[in-house]
Amino acid sequence: MSESPDVKVAPWTGPQRPYDIIKEGTIAFVVVAILTIGLALVFSSPDDPQVTVQQWSTKAPIDFAQTALAELNGTSGTAQYGAPYNTASSGQQLGPFTLAKWLGATIPVNTVRDFVVDPLTDQPATPALSSALTQWKGASATQRTAWVDAYTKASGKMTFTNGTVSVPTNAAGPVPVMINTLEQMARSGALDQALVTQSGFYTSNFTLPLLFLADGSYLGDLAQQRHLLGTQWGMMNETGNYPGQAWLWLYTFWYQVPPFSTSANADVQVWGIMMLLSLLLLLVPFIPGLRSIPRWTRVYRLIWRDHYRAQGA
Amino acid sequence: MSSTEIDRQWTTRLRHRVAHRLPPEKMLPDTQPAYVASWIYVFGVTTLSAFAVVVLSGFILALKGPQWWHVSGIGHFVNSLHLWSVEIFFFAMVIHLWGKYFMAAWRGGRSLTWVTGVVTFLVSIATAFTGYVSQTNFDSQWISTQAKDGINSTGAGSFFNVLNFGQMLMWHIVLLPLAAVVLTGLHVLMVRAKGVVPPFEEKEEAR
């Protein structure tokens, strides 16, 4: 065993004093319970309502339609994400390591199929939609790409009038009907259900609607108004004037400073740093130098001032 | 049956071991060393007390299900109790941690007590996080869609999907609390078995 004073200490043979552990625990619990009740009564807790796809498409119909188009033409955040949703990119790198890519697309998301075609297929058939879907499903990949490209080129002039999404092009095949029907579906609330019930009646997995929401600008705009963006100390905050997850301050801090604030691999780099720091904290008793700081700083004399005063030290 | 055979039983050995390491006077002491006289010692028991309130308020929320607190005034109040007890819990736990660091509380064979404390702290962060993404409101939508990128980037997103409400709720109300309770129990038992770390001997400081 090491003889370092940072490791060893002689068993205490000095005086004892009375100590009622049960009484101490009971008093502490009662005090904390009263304090909690007081804080709950005075400050309550935040509960901003959830955002629905219906709300999004009603309040920001163009943003919804542009996002649906991005899912179709493969330019959305989810479509280009990489693992665990697809293989569109290699994902973030920590040095030479692409950790997410190694594990692969374990939660497969095909944005064309899952966000557009399958929900539309679940819709009650109308002649226009049935024809559009038949045309889409029967077309070659090249033809589909040509239609989507034509729609994408004209989408800068997209309008939403009288409940209808319009784009000035005649070369997009079934795409205008598909986008417009998806918009109607979203505004009716049917898309909210279709996105979560693709795997059956009972479900508790909201991966698809959350990814779809996050691909648009609407959710982020609401978060910005509530000061919740990553550049605003992000997810450690919560809505309203509440402390949120203040214990995540160090994790969130790294995102605010270079090089992480501008790095394309910031997430994995910050996680790497936090894992390393957590490991250091865990192993403090075994790390020379780190375990000596308490002895060097002598903060302990403040904690045990009565003891040292009694010793006359 | 011979006494030797009984002495070799696993049960007998465990009982002897527990009785030796943690006799009743250590488990439920009525005295403690005179140096245990500082406000910093309050934060350990405060952390435990807040944890108890967190668990109790969580039990009530669990009785009524994850949507109850959105539609009931009483439910919202219980959620507020849950939130503020968590805030007190972390506040007290962090002060407790730093206090123990500056006491070098791992000395005298107490390294494992420190390690279980730090692991409990990390598990508590994960527990709170899964609670935040299980709230079924705007906060949970935003926090989960933001947090997914960090977790996915490590590869952990493949089996810990923060967008899967059902999975996160199960981690929050079953797996992580169970881990926190077991770790906290071990931590407290280690403190009782080893006792509170004595002060530095100033003569050692002079070496």
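**Note on the predicted two-chain model**

1. Chain B is divided into domain 1 (39–89) and domain 2 (104–195), with bounds that come from an automatic or database domain assignment. This is a predicted model, in which local features need pLDDT of at least 70, side-chain atom pairs count only at pLDDT 80 or more, and totals for chains, interfaces and linings use all residues. Residues are numbered from 1 along each chain as its sequence is written, while chains are lettered from A and ligands numbered from 1 in the order in which they are written.

2. On confidence, the model scores ipTM 0.93 and pTM 0.93. The mean pLDDT (the predictor's confidence in each residue, from 0 to 100) of chain B is 94, and 97% of the residues of chain B reach 70 or more.

3. Within chain B, the C-alpha centres of domain 1 and domain 2 lie 16 Å apart. Eight residues of domain 1 of chain B are in contact with eight residues of domain 2 of chain B, contact being counted if the C-beta atoms of two residues, placed from the backbone, lie within 7 Å. On the domain 1 side, helix 4 of chain B provides the largest share, four residues; helices (H or I, at least four residues) and strands (E, at least two) are DSSP runs, numbered from the N terminus.

4. Between the chains, the contact takes 79 residues from chain B and 81 residues from chain A. Helix 6 of chain B gives the most to the chain B side, with 15 residues. By class, that side has 42 nonpolar, 29 polar and eight charged residues, where Ala, Val, Leu, Ile, Met, Phe, Trp, Tyr, Cys and Pro count as nonpolar, Asp, Glu, Lys and Arg as charged, and the others, Gly among them, as polar.

5. Strand 1 (residues 16–18) of chain A and strand 1 of chain B run antiparallel and are joined by three bridges; strands pair if DSSP finds at least two bridges between them. Here Arg17(A) stands opposite Gln32(B).

6. Helix 1 (residues 21–43) of chain A has 23 residues and reaches 32 Å from its first C-alpha to its last, close to the 33 Å expected at 1.5 Å a residue, the expected span being 1.5 Å times one less than the number of residues. Ala28(A), Val32(A), Thr36(A) and Ala40(A) of this helix are buried, that is, with 20 or more other C-beta atoms, placed from the backbone, within 10 Å of their own. The buried residues of helix 1 of chain A pack against helix 4 and helix 6 of chain B.

Note on methods
A residue is buried if 20 or more other C-beta atoms lie within 10 Å of its own, exposed if 12 or fewer, and partly exposed in between; C-beta atoms are placed from the backbone.
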